[in-house]
Structure formats: C-alpha cells, structure tokens
Amino acid sequence: MKQTPTFIFDLDGTLLDTLADLAAATNHALTTYGLPQRTLSEVRQMVGNGVRRLMLRAVHEPLSPDGGKTWVEDPVTANADGSLHPRFDEILAEFKRYYVAHCRDNTRLYPGIVTLLTGLQRRGCRLAVVSNKLQAGVTELRNTYFPEWIDVAIGEREGIARKPDPAMLYAAMEALGAEKSSVHYVGDSDVDILTARRAGVPCISVLWGFRDRPFLERHGATCLAETPADILALLDADEG
C-alpha cells in the first residue's frame, strides 16, 4: 500500500518570519537588566538552538556591531571563566514572559506558505511543526496561522529533547501515525539538517529563512528549495 506523504516543518525561518519579535523580546530582556541591545543581524545568527541558547549568546557573546559572526558555528555558553551572568535565569524568564505575550506583534507568514500548505493538504499529505521555540509560543502561533493545516505542533517542553535530538520528529511521526519512510523534514538551518540526519529522514533546506545557501551547503544540505513552490514541485516529481 502506498504511504501518505508526511511533511514536518521547522517554524522560525521556515514557515514564519519571527525574527523581529524574537529580537524585540531579546532586547526587552537585555535592557530590563541593564545590558546592551543586539542588532537584528546578530539575533538572526543566534537563533535556532532554543531560547536558552539564544539568551546565553545575547548575554555573553562579545558585541559584534556588523553582525558578521556566526554564533551557531562557535557557540559561547558563559563568560570566559565559565560563569553565567548572576541574574541570567531572571533574564531568561523575562524573555519568555515577554515573548509569549508579544510573539505575534510583527511575525508574518513567508510569501507562498499558504499556497504550499494548501497544496500539500490537497495532495493528502500529513503536516506537522516541530520547533525549539517554547511550547506556549508554538501553540499560540499554530492556532493563529495554521489551524486549518497543522494538526500536530511540538515545541520545547519538559520530557522531550530539543533539536538536533530527533525526539521531536519522532513524537510528531507518532502523533500523525506516520512511517519514517513517508517523512520529509523541512527547515532553514544546520540544526534542522542534523536533526533530519539523526532521525534518518530526508531534509529539504529552504533558502528564504535565517541561513543562506553557502552556510547550508557547508553544513551538509543536499536538497534546497528557493521558494515554497519548489517543495510542491519536488513532491510532484516524486509522485510522478
């Protein structure tokens, strides 16, 4: 029997442009505790590994006015002596509080995403989202932007390891009743490439998100989509 195609999507940088709201929450938390703000370019490079890693980088990384450093390749988790900012847990909590309340202020669907999700649904595909974003934020964004398309939306919460651990993908597959051989994972980062590799499923890396083609290819991307329409074309080519 032919298996139903399953597409599991990353959220930030893949379906939604969330960068402005992530940066706003980051800078709100930083300024609340007297720390310097980060540029949009800096925050772009800091996201992808969950909010704790984002704030570790925002608090502890040296300032980079041109945004040229790629933190995901050289992550810093504390001060040079290994210590955390003495109020780091409070800073992180303030980020979480603010972001959950403001996660929809500037967030938008990327162009072509509605057509993509509608097209996949019409082709009978099962759809899910997995994200290192807090579960409350994932649920809020799913309910706002994808209620008619996405049935399963898994975010960061206790009891399930964050990407690049494949646990989130496995949980989504189980919830959808999907066999691994039917799954395509879609994301915009090196974290997504590694997650798919560890789960044993193919990864489609998108070029409209937070990382560019050279970065993705350097981290092992083999299937790239320049536009959401390219994903439908890939599916139709496979089906043909």
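These are my notebook entries on a few things I looked up in this structure.

**Entry 1: confidence**

I began by reminding myself that this is a predicted model. The mean pLDDT of the protein is 90, and 90% of the residues reach 70 or more.

**Entry 2: helix H1 against helix H3**

I learned that two packed helices are described by the angle between their axes and the distance between the axes. So how do the axes of H1 and H3 cross? Helix H1 covers residues 19–32 and helix H3 covers residues 51–60. Their axes come within 11 Å and cross at roughly 50°, which means that H1 is oblique to H3. I noted the crossing of H1 and H3 as right-handed.

Next I wanted the residues that meet. From H1 I wrote down Thr26, Ala29 and Leu30; their partners in H3 are Leu54, Met55, Ala58 and Val59. Sorted by class, the contact of H1 with H3 has 6 nonpolar residues, 1 polar residue and no charged ones.

**Entry 3: helix H1 against helix H4**

I turned to H4, which spans residues 88–102. The axes of H1 and H4 come within 8 Å, and they cross at roughly 140°. That angle makes H1 oblique to H4. The crossing of H1 and H4 is right-handed.

Which residues of H1 meet H4? My list reads Asp21, Leu22, Ala24, Ala25, Thr26, His28, Ala29 and Thr32. On the H4 side I found Ile91, Glu94, Phe95, Arg97, Tyr98, Tyr99 and His102. The contact of H1 with H4 divides into 8 nonpolar, 4 polar and 3 charged residues.

**Entry 4: Lys163 and its neighbours**

How many salt bridges does a search of the whole structure find? The search gives 10. I picked out the one between the side chains of Lys163 and Asp10, at 2.9 Å from N to O. This pair links distant parts of the chain, as Lys163 and Asp10 are 153 residues apart. I found Lys163 in the loop between strand S5 (152–156) and helix H7 (167–176), and Asp10 in the loop between strand S1 (6–9) and strand S2 (16–17).

Pro164 lies in the loop between S5 and H7.

Technical notes
Residues numbered from 1 in each chain as written. Predicted model: local features only at pLDDT ≥ 70, side-chain atom pairs only at ≥ 80, totals over all residues. Heavy atoms only, no water. Axes fitted to C-alpha atoms, helices over the stretch in contact; angles between N-to-C directions. Helix = DSSP H or I, 4+ residues; strand = E, 2+ residues; numbered from the N terminus. Parallel < 35°, antiparallel > 145°, perpendicular 65-115°, else oblique. Left-handed = near helix turned anticlockwise from the far one by under 90°. Contact = heavy atoms within 4.5 Å. Nonpolar A, V, L, I, M, F, W, Y, C, P; charged D, E, K, R; others polar. pLDDT = per-residue confidence, 0-100. Salt bridge = Lys/Arg side-chain N within 4 Å of Asp/Glu carboxyl O.
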